Amino acid sequence: MAFDGITIHALVDELQKELIGKRISKIAQPESEELLFTIKQPKGNIRLLISANASLPLVYLTNENKKAPDTAPNFCMVLRKHIANGRITDIQQMGLERVIRFTVEHLDELGDTREKYLYVEIMGKHSNIIFCNHENRIIDSIKHISFQVSSVREVLPGKEYFIPKQEGRFDPLTIQREGFYSLIQGKAQPLFKAIYSSFTGFSPLVANELCYRANLDGDQSTASLDETALQRLWEEFDRLLKDVRDNRYTFTIVYSKLDNHPLEYAPISLGIYQDENCTSMDSLSQLLETYYAKKNAYTNMHQKTADLRKIVQTLLQRNRKKKMLQDKQLKDTEKMDGYRLKGELLQAYAYSIPKDVKEVELFNWYDNTKVKVTLDTDFTPMENANRFFDKYQKLKRTRDELSIYIKETENTIQHLESIQTSLDLCENAADLQEIRTEMENASFIHRKVTKKKKKQEKTAPLHFVTKDGFHIYVGKNNFQNDELTFHFATGNDLWFHAKQMTGSHVILKTEGKEVPDHVYEIAAQIAGYYSSGRDNDKLEIDYLRRKNVKKPNGAAPGFVVYYTNYSITIHPCLDEVEEIKES
């Protein structure tokens, strides 16, 4: 979600606690629309990142530094001139708008104390960072907005700073019950839209969460609300705003259960996402840094894998269509036994069949029935029998060959589906290169010809540890699956895999210890989570000792067989384990 007024309110509370009274040590502008302030603290410096980027505007505290350009941009030079070594004396949110005002106290050229204001507007494509004097006159801004660009407000040096009024939207911190009822009932809209379009600070996400807490459907019309429903909605609205006034927050990130990518974040708990994975964090800055880092990593990796995904999807469609045609041809071969029977009957009764007969009815001694046989009058009965035997032999050869082709096509589909699952688990360039190499080896894509062959970087599998100290490893692609199963795991380690579907090989290291029942369940849940069936509510997982898992000669990477196993039904998840990042 984008920054809304409630998120800004929570952020301002955090910034006030961390920054008020502190001095600005350095000012840098790493990107064209981004500032990085280094703030002096007794226990070490902290950095404030402010971005007015149209696609990703944000503000948060961080320990990470960014390399600044050798020549500072003009806006950065203006800030250094006026507020370098200045002290932050106040940080305020303007109403519940998406605007933060930093008040900075500094000494002018004569040594007198002066105040300057830095306004940070987090408003999507209209985001800006505006520097003003004590009279609220604009000194400079990171984006200049002329009258030709906006007829509502010019943002240019010398102009007076003001926040454009949002028509029809009111401050929720000051609204009373009667005013709330009037605003909601006065809009013929879906309920969630009526809420966020009536009050500043509310995003569609928070509006939907408010409806959920009031046990109402956010898409229902406001006209359908009775007095009881309005009362419940007001009570939840009032409760939420009381938490905001008192700065009581639950910093929440929501991850997709399907592929673990970040879906949403908010400074409040999100009951509407109770079916996804929700994680709480200690601070909003930590939440924002984590969310956007993972969001960017997921987006970048998804873009990098897009070409391979398209190739895999095209090949899957082609092979599934081929399999369908092969199955149809195989069904046609079911006629062959009928041709053989007719040949045998004609051969047995040829002496008694008159010439020039087009159809005869012959006794079938196999089941004591009569069979009608159509004859070609250009041939003798014995020649007709041989023609039926020829058709039988042709269909028999077709069936035998088709059985081989169908098995090959099924193996190809299974291999492609496993690669598709591996692409979902891909985390970095090395993982992607392993998948590309696998596809080249299987001739799914052409091998790139390079002058000098680079040594392929070996990547590590996913590594989890349970609360009672058992280590669990997960292959992210077929190469890793083979490495884990046949080189890393010992014979008595436990091997888990989703039943009859593509997914990761999961190894539970036993280290000679007796494994508690709940650890079996945890390993099975992980195997279900890292499979193509992770979005199922229940999933069957096979498990057995690693020594009983075999790899057929010439089989594709990741393909194994086993004949003696146990099964467990679980709900795919990553509960009760902690991931260990390999260095």
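In which strand is the place of Glu-121? Glu-121 lies in strand E7, residues 113–121; helices (H or I, at least four residues) and strands (E, at least two) are DSSP runs, numbered from the N terminus. The views below show a predicted model, in which local features need pLDDT of at least 70, side-chain atom pairs count only at pLDDT 80 or more, and totals for chains, interfaces and linings use all residues. Residues are numbered from 1 along each chain as its sequence is written, and side-chain values use heavy atoms, with hydrogens and water left out.

View 1. Glu-121 is buried, with a relative accessible area of 1%; buried means under 20% relative accessible area, exposed over 50%, and partly exposed in between (1.4 Å probe, protein chains only). Its side chain makes a polar contact of 2.8 Å with the side chain of Arg-153. Another polar contact, of 2.7 Å, joins the side chains of Glu-121 and Tyr-161. A polar contact is a pair of N or O atoms within 3.5 Å; within protein, one must be able to donate a hydrogen and the other to accept it, and residues adjacent in sequence count only if both atoms are side-chain atoms. Not counting residues up to four places away in sequence, the residues that Glu-121 touches include Arg-98, Val-99, His-126 and Ser-127; contact means heavy atoms within 4.5 Å.

**View 2. The open sheet of 3 strands, in the order E11-E10-E12.** The pairing is antiparallel; two strands pair if DSSP finds at least two bridges between them. Strand E11 (262–266) and strand E12 (277–281) stand at the edges, each with a single partner strand, so one side of each has no neighbour in the sheet. Strand E10 (residues 251–255) is paired with E12 over 5 bridges. Val-254 has Cys-278 in E12 as its bridge partner.

**View 3. Helix H12, residues 478–488.** The buried residues of H12 are Asn-478, Gln-480, Asn-481, Asp-482, Leu-484 and Thr-485. The elements they pack against include helix H10 (381–425), helix H11 (429–441) and strand E16 (471–474). At the start of H12, a side-chain oxygen of Asn-477 comes to within 3.1 Å of the backbone nitrogen of Phe-479.
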